[in-house]
Each structure stands twice: as C-alpha cells, then as structure tokens.
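Thanks for making time this morning. I would like to walk you through one model, going slowly and giving each term its cut-off when it comes up.

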Amino acid sequence: MMNDIEIADLYQELIIDHSRRPRNFRRIEGATHQAEGFNPLCGDKVRVYLDLEDGVLRDISFEGEGCAISKASASLMTEAIKGKSKVEAEQMFSRFRDLATGSGHGSDLGKLAVFSGLRGFPTRVKCATLVWHTLRAALEQAPGIVSTE
Amino acid sequence: MSALRVVKSSEFDLLEVRRDFPALHQKVHGKPLVYLDNAATTQKPKAVIEAMDRFYKCDSSNVHRAVHALSDRATKAFEAARTTVKQFINARSEREIIFVRGTTEAINLVMNSFARPRVKAGDEILISALEHHSNIVPWQLLAEQTGARLVVAPIDDRGELILEEFERLLGPTTALVAVAHISNALGTIMPVHEIIRMAHARGVPVLVDGAQAIAHVRVDVRELDCDFYAFSGHKVFGPTGIGILYGRESLLEQMPPYQGGGDMIRSVTFEKTIYNELPYKFEAGTPHIAGAIGLGTALEYVSRVRIDRAAAHERELLAYGTELLSAMPGLRLIGTAREKVGILSFVLDGVHPHDVGTVLDRDGIAVRTGHHCAQPVMDRFAVPATTRASLALYNSKAEVDALAHGIRRVQKLFVT
C-alpha cells in the first residue's frame with residue numbers, strides 16, 4: 001500500500017530509534033548559549049544548550065517534549081553539528097529546510113537525510129525544524145522564546 | 001473493504017443519514033474518509049449547501065432595507081431562520097435570538113454588554129475547570145478591565161464537575177456563572193440544571209456555552225432556565241461564521257448595544273441615536289444572511305432526523321468505542337464522565353498524539369490532536385496533548401473499528 005510506504009518513509013527506523021533514545025538529551029551546565037523553542041499548535045517545547053568556543057560548537061544538547069519527529073530531529077541535529085563551526089551549522093540548517101520542504105535532496109546532510117520522507121507531510125515540517133530555529137536563536141542569543149508561529 | 005457496515009433500524013436510518021452528507025463519500029490518501037473530528041466542526045448536509053446556494057443564486061440582497069422583491073425574499077428567509085432557531089431551542093420569542101459570528105462572539109457580547117457595565121472590582125466570575133479558551137479568555141479580559149476575579153470550580157479525575165465545590169464557590173460576590181454545557185476536550189455533560197438552580201437561588205445569572213451540546217442533546221432554554229445560551233452554526237451541520245446568542249429578553253432589554261452601525265438603530269442624528277428594538281439592537285451591520293439561512297436549514301435537518309434518535313445512536317457508538325479502546329493495552333482514555341457525549345480523548349504510552357494523528361490521517365481517519373483549546377484541561381490531567389475522536393450522528397460502528405485498527409497500527413510502528 002502506498003500509505004504504508006509513505007508512513008514507513010516518514011518514520012524510518014533511525015527516526016524511531018532517536019525518538020525513543022534521544023542522544024545529547026541533557027542540560028549543559030554553564031552553557032555559553034541557550035534558547036527555548038515552542039510550537040503552540042502542538043505544544044512541543046525544546047531547549048537547546050550550546051558550548052560555543054571561538055565560533056565552534058564544542059558541545060550541544062537539548063531538553064524538551066514533543067512528537068517522534070521533533071525529538072528525533074533534535075537528537076540527530078545535535079549529533080550532526082557537534083564540533084562544527086557556527087557557519088557550517090547555519091548552512092546545514094538551510095540544506096535541512098530545503099530537504100524537509102521538498103526543494104532539496106539532502107546532499108551533504110549525512111544521517112539527517114533520513115528526514116526526506118517529510119516532503120509528503122507538509123503539516124509535519126515544523127515539527128522537524130523547530131529545534132533548528134531554536135539552535136539559530138541560541139547562536140544569536142535572541143532573547144525570549146522562539147515560536148514556529 | 002467498505003468503511004460502512006451499516007445497521008439499519010426503523011428508528012434511525014444511518015445509511016440514509018450518510019447519504020445526506022456529500023463530503024463523507026470521498027477518499028483521503030486512497031482510503032474512505034472516516035471523519036471523527038466533529039467536535040471541531042461538522043460536515044454539512046446537502047439541504048444546507050443547497051439552501052445557501054439558492055440564496056446566492058436567486059435571493060442575494062440586503063435585509064431589512066429595500067422595497068424590492070429580492071430584499072423582501074432575503075429578509076423573509078433570514079427572519080424565518082430566526083424563527084427556526086427560536087423553535088429549536090424553545091425560546092419565548094424571536095426577540096431573544098441574536099445572530100452572531102459564533103459562540104466566541106456570543107460570549108464576548110455578554111462580557112461586553114452585560115457583564116462589564118455591572119461588574120465592579122472584587123466581583124467574581126465563576127467558571128469550571130473544563131472550559132474552552134473562548135469561555136476563559138473573555139472573562140480574563142473583563143477581570144483586567146474591571147478588577148473582577150476569575151474563579152474556577154474544579155473537576156475530578158473522571159472529568160466531572162465537583163458540584164459541592166461549585167456550590168461552595170458561589171458567593172455574594174459572584175456576578176456571573178459561565179459554564180460549558182458539554183466539554184469539548186472530555187465530552188462531559190455538565191449538570192447545567194443544578195448549576196443554574198444553585199446560581200439562581202443566589203440571584204446569579206448564568207451563561208451556558210452550548211457549542212458542543214447543540215448537535216448532540218436536546219436544548220430547551222426555557223426548561224434550563226439559563227439567562228444566556230451560546231452556540232455556533234458549524235458545529236450543528238451549518239456553515240461557519242454564524243452563531244446564536246440566546247438571551248433572556250428582560251436582560252437583553254437592559255443591555256447597551258455591543259457594536260454600533262447600521263440596522264441597530266431606529267433614528268440617528270448627530271445629537272442623539274435611538275437604538276432599534278430587540279434583537280436588531282445587537283446586530284449592527286449587514287449580517288451573514290446566507291449563513292443564517294444555512295443554520296436554519298441545518299436545525300430543520302436535525303429536527304427531521306430527530307435529535308433524540310441521533311443521540312441514542314451516538315450513545316451506542318460511544319459505548320462501543322469506549323469498550324473497544326479501554327481494552328487496548330497502553331491506551332488511557334482522558335475523560336470518563338458517567339454522563340458524556342461521543343468524545344474519545346486518549347493518550348498512548350510512548351507515542352505522541354501528533355504522530356498518532358499523522359498515521360491515522362494516512363488511513364483516511366480524521367481526528368484532532370493537541371490541546372483542543374483547553375490547555376487547563378490538559379494540565380489537570382497532566383498530559384501535554386491528547387488524540388481526540390469525536391462522533392456525530394453520521395458515524396458508524398465500522399468507523400470506530402477503523403479507528404481501533406488505526407491505533408493498533410500506530411502501536412505496532414512505535415511500541416515494540
């Protein structure tokens with residue numbers, strides 16, 4: 001069935017795994033940067049902690065609650081950008097967003113390409129991008145809470 | 001596989017009812033649509049769609065204005081809809097039936113024109129813990145503006161109002177009681193008769209938010225003896241953008257207009273304006289004429305099907321669904337009041353409602369996921385969100401089976 005394929009494409013094993021056992025799911029004491037993201041439509045909340053040194057993300061972690069897509073996205077994002085520069089992280093976000101909305105193919109995204117199934121589910125794109133928006137806010141150290149709306 | 005296994009009885013012909021709703025007969029993601037989001041909005045019967053279509057094709061013109069034939073037809077149809085509403089809720093007179101945009105506007109009208117001029121600092125507005133945001137936020141605005149306080153009567157773990165607590169909170173400073181007739185998030189039918197009796201015994205007026213009740217239980221405002229009753233057209237098989245505020249005539253008479261404009265005046269000079277009589281005093285500007293006609297037609301439809309028969313059918317479906325879902329491991333129903341309508345709100349261990357909604361959608365099953373505009377209810381049950389399947393008269397047992405089947409698929413995917 002087409003529907004089963006689409007569902008399986010969205011909820012790939014790697015996503016289910018990261019949603020069940022999110023990596024870097026902790027708080028960084030003395031984080032240099034942090035920000036909170038909120039999706040008022042579904043109540044998802046995420047907090048991103050950074051340890052930024054000389055423009056490099058030495059450490060990154062997150063806390064929060066949300067759906068499988070949002071948790072897996074946060075978990076995989078932290079893995080993907082740890083050790084990367086601030087500029088590289090920004091570029092990755094841009095490529096990730098293109099992938100999620102169906103305008104890009106996820107080249108150079110590594111494991112994050114697993115979110116390619118999102119293109120069939122436009123209502124779920126925000127679930128995956130919330131943590132990235134929050135990361136950007138943390139990098140910019142914007143005050144207040146980032147919202148998807 | 002057919003999504004319809006229809007039980008035909010002499011009392012309630014489900015197949016015939018389903019035939020009346022064109023939107024039900026479509027495929028979504030290649031599967032037959034199973035529409036279980038009726039607490040958000042209901043589908044429309046052909047009669048409603050055709051009545052509105054007819055208005056725009058033949059009678060479109062303004063009401064209460066011109067001498068020409070179209071305006072006369074539009075006015076007659078608009079006022080006939082008001083009479084239908086009056087009869088449907090058993091109001092005493094058309095003067096008590098005010099067309100508004102929906103339940104939210106009705107509540108805001110009462111807040112602005114009834115409560116605000118009366119309420120002083122220290123007065124209390126008593127609501128319940130299961131209210132929709134639209135019956136919370138207007139009172140918070142009032143509290144900010146007047147120094148009044150919002151007081152909330154608690155509910156128990158089943159989602160039932162704790163009536164003794166409610167009574168205890170009714171005091172000499174209570175200026176108004178505002179409660180839902182039925183909870184949108186939990187399905188609880190509130191003991192509105194007792195609430196109104198208790199409030200009136202202390203001289204406190206009562207507003208009932210009937211948004212979730214109007215399509216599911218018989219509403220008789222005279223028997224209820226409520227002072228205000230609000231509901232939306234789109235939740236009772238009518239169009240969006242139209243709703244009703246019923247108000248007791250003696251109270252409406254005392255209230256200042258809600259908005260100023262055309263149609264709500266008798267005469268205007270720059271020195272003095274004389275307001276129109278009820279109900280026009282509260283209907284400034286050109287109303288949603290086609291919407292009113294659609295709503296009247298929707299209520300006629302419900303009367304034809306007979307709401308008691310529809311309610312019996314829905315009760316049967318609810319009992320069936322409750323039994324089916326309660327037996328599923330890892331599923332917890334939120335809202336298990338002894339008196340409730342067809343709302344199955346639930347959480348699944350290890351699965352977020354948003355993911356449940358997505359998987360069900362691919363099976364053609366429309367449910368609502370989230371906080372249902374009732375965040376305090378979610379907090380009360382310590383869940384961030386729920387998945388909510390809400391039934392209407394056109395739903396079938398086969399559709400409840402499809403829901404259960406879909407939930408099992410979700411669990412297979414996420415819980416292993």
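Chain B is divided into domain 1, covering 14-39 + 306-414, and domain 2, covering 49-304, with the bounds taken from an automatic or database domain assignment. Please keep in mind that this is a predicted model, in which local features need pLDDT of at least 70 and side-chain atom pairs count only at pLDDT 80 or more, while totals for chains, interfaces and linings use all residues. Residues are numbered from 1 along each chain as its sequence is written, and chains are lettered from A and ligands numbered from 1 in the order in which they are written.

Taken over C-alpha atoms, the centres of the two domains of chain B are separated by 28 Å. Between them, 22 residues of domain 1 of chain B are in contact with 21 residues of domain 2 of chain B, where contact is defined as C-beta atoms, placed from the backbone, lying within 7 Å.

Which element supplies the largest share of the side of domain 1 of chain B that touches domain 2 of chain B? That is H11(B), with four residues; helices (H or I, at least four residues) and strands (E, at least two) are DSSP runs, numbered from the N terminus. This side of domain 1 of chain B divides into twelve nonpolar, five polar and five charged residues, with Ala, Val, Leu, Ile, Met, Phe, Trp, Tyr, Cys and Pro counted as nonpolar, Asp, Glu, Lys and Arg as charged, and the others, Gly among them, as polar.

Let us stay with H11(B). The axes of H11(B) and helix H14 (residues 397-414) of chain B come within 10 Å and cross at roughly 20 degrees, the axes being lines fitted to C-alpha atoms, for helices over the stretch in contact, with angles from 0 to 180 degrees between N-to-C directions. The two helices, H11(B) and H14(B), are therefore roughly parallel to each other, because angles under 35 degrees count as roughly parallel, over 145 as roughly antiparallel, 65 to 115 as roughly perpendicular and the rest as oblique. Among the residues making this contact are Leu317(B) and Tyr320(B) of H11(B) and Val400(B) of H14(B).

The contact involves residues including Ile15(A) and His18(A) of H2(A) and Ala72(A) and Leu76(A) of H3(A).

Technical notes: Two residues are in contact if their C-beta atoms, placed from the backbone, lie within 7 Å.
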